[in-house]
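Dear colleague,

Please find below the structure that I am handing over to you, followed by an account of what was found in it.

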Amino acid sequence: MKHFLNTQDWSRAELDTLLASAAEFKRQPVGAQLRGKSIALVFFNPSLRTRTSFELGAFQLGGHAVVLAPGKDAWPIEFAPGAVMDGEAEEHIAEVARVLARYVDLIAVRAFPRFRDWTEDREDTVLRAFARHSTVPVINLETITHPCQELAHALALQEHFGTTDLRGKKYVLTWTYHPRPLNTAVANSALTIATRLGMDVTLLCPTPEYILDERYLGWARDNVVESGGSFRVSHDIAEAYRGADVVYAKSWGAIPYFGRWEEEKPVRDAHRHFIVDEAKMALTNDAVFSHCLPLRRNVKATDAVMDSPRCIAIDEAENRLHVQKAVMAALVGQQA
Ligand code: CP
C-alpha cells in the first residue's frame, strides 16, 4: 500500500502520471473516481487552501470528506509509544488511526513542527505514526514537507512555460522576511520538486544558518544527478536573481535557533530587505513569481509583485484542487 508522504518516495514516472492526471482533472473537474469513498482530513494546524481544496476535490469526484481537529473538536491524541497517558491526551494514535481506517478510505494529516527541537521535529512523528498504524493510505497535508503544494507548483510552472519539460530553467528559491519563524516545509518541498524536474536551482538565503536541513539538501543533490539539473546555495541577492526564470519565495526559521527564537529574531529582522520587489524582479529573465500562500503583502512580497501578470500564485493555489484529486484517485485506485 502506497502513501503520499513525500514526492521523493514516488518515482519520476509516477509523479509525471499524477501531473498528467491533474491536468486532465483541470479540463474535466467532475468525475466518479471517489464514488462511495471517503477521506478523513486531520488538521492539527489552521488552513484555508488545503482544507477547502480537499473537501471540494473529494466532493467533485463523488466522495465525502470528514474534517477533524484533534484537541478542538476531536479528542487530543498521544503519539509516544508506551506512554503512561495521564496527561491531556484521551486516546492513542494506535487506536485513532486504526479506527479512522475502518471508517474511511484515505487519511490525510496536517501537523506542523512544534518549533522547539529540530532533531525531534525532523522525525515527522505525527505523520509517520498515522502511516504506521493506518490500514488505508495516508496523505501529507503539510508537516515538514508539503508534497501537495509541490505538485500544484509544478503544474503551474508547466502551464506557464507550456511544456512538461522544465530542464534548463533557472529557478530561485528565496527566503523572505516574516515577523515570525515559519515552517521549513514548503522550502524543503520547493528544493525537492525543482531539482526533481531538472531545473538549475539556487537556494537564496541571508546567512548559512538559514540553509535547510541536510536531508533535503541531500535529496536535491541526488535529484540533480538523475534529472540533469543543478543545485547551489547563494547569499547574494543580485547574483541569485540575475537571469532567473522562476522566483519562488518562502520565509522560514533558521534551524540552529529552534527553541531559541528570541536569539534568531534580530538576525531575521536584519534581513527585511529580502522582500521580493520590482527592483529584484527586474534583474530576472522576466521571471514568473510564485508563493504557496498565505502571504503577508509588503512584507514577503510587494503589492506590485503580487499584482503583476508574472505572479502565478493564484494559479498554483487553484491547482491544489486538481493535483489532490489526482493523488486521491491514484491512492484509492491502488486499493481497487
Ligand atoms: N498553501 C497552503 O497549504 O495553504 P493553507 O495553509 O491555507 O492550507
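Into which domains is the protein chain divided? The division gives domain 1 (7-146 + 320-331) and domain 2 (149-316), with bounds that come from an automatic or database domain assignment. Please note that this is a predicted model, in which local features need pLDDT of at least 70 and side-chain atom pairs count only at pLDDT 80 or more, while totals for chains, interfaces and linings use all residues. Residues are numbered from 1 along each chain as its sequence is written.

The sheet with β1

Four strands form an open sheet, and their order is β2-β1-β5-β6 with parallel pairing. Strands (E, at least two residues) and helices (H or I, at least four) are DSSP runs, numbered from the N terminus, and two strands pair if DSSP finds at least two bridges between them. At the edges stand β2 (64-68) and β6 (138-140), each of which pairs on one side only. From one strand to the next, the twist averages 20 degrees; axes are lines fitted to C-alpha atoms, for helices over the stretch in contact, and angles run from 0 to 180 degrees between N-to-C directions.

Strand β1 (residues 38-43) is joined to β2 by five bridges, and the two run parallel. Valine 42 has leucine 68 as its bridge partner in β2, and alanine 40 has valine 66 as its partner in β2. Five bridges also join β1 to β5, again in parallel. Here isoleucine 39 has leucine 106 as its bridge partner, and alanine 40 stands opposite isoleucine 107. Because five of the six residues of β1 are buried, this strand is largely enclosed by the rest of the structure. A residue counts as buried if 20 or more other C-beta atoms lie within 10 Å of its own, as exposed if 12 or fewer do, and as partly exposed in between, with C-beta atoms placed from the backbone.

Strand β5 is mostly covered, with five of its five residues buried. β5 pairs with β6 in the parallel sense over three bridges, and the partner of valine 109 in β6 is asparagine 140.

Which kind of unit do β1, α2 and β2 make? They make a right-handed β-α-β unit; a crossover is right-handed if, with the strands pointing away from the viewer, the path from the first strand over the helix to the second runs clockwise.

The sheet with β7

A further open sheet has five strands in the order β9-β8-β7-β10-β11, with parallel pairing. Its edge strands, β9 (230-234) and β11 (288-290), each pair on one side only. The twist averages 20 degrees from one strand to the next. Strand β7 (residues 170-175) runs parallel to strand β10 (residues 246-250), joined by five bridges, and threonine 174 stands opposite alanine 249 in β10. Helix α7 (residues 185-196) packs on this sheet and touches β7, β8 (200-204), β9 and β10, its direction making about 170 degrees with that of β7. Two residues are in contact if their C-beta atoms, placed from the backbone, lie within 7 Å.

Which residues have the most contacts inside the largest nonpolar core? They are Ile107, Ala108, Leu173 and Val247, in a core of 98 residues. Helix α13 (residues 313-335) gives the most to this core, with nine residues. The core draws at least three residues from each of domain 1 and domain 2. A nonpolar core is a set of buried Ala, Val, Leu, Ile, Met, Phe, Trp, Tyr and Cys residues joined through C-beta atoms within 7 Å. Apart from its neighbours within four places in sequence, leucine 173 is in contact with residues including Ala187, Leu191, Val201 and Tyr248.

How far apart do the C-alpha centres of domain 1 and domain 2 lie? The distance is 25 Å. Across the boundary, 24 residues of domain 1 are in contact with 27 residues of domain 2. On the side of domain 1 that touches domain 2, α1 (12-27) and α13 each supply at least two residues. Helix α1 gives the most to that side, with five residues.

With kind regards
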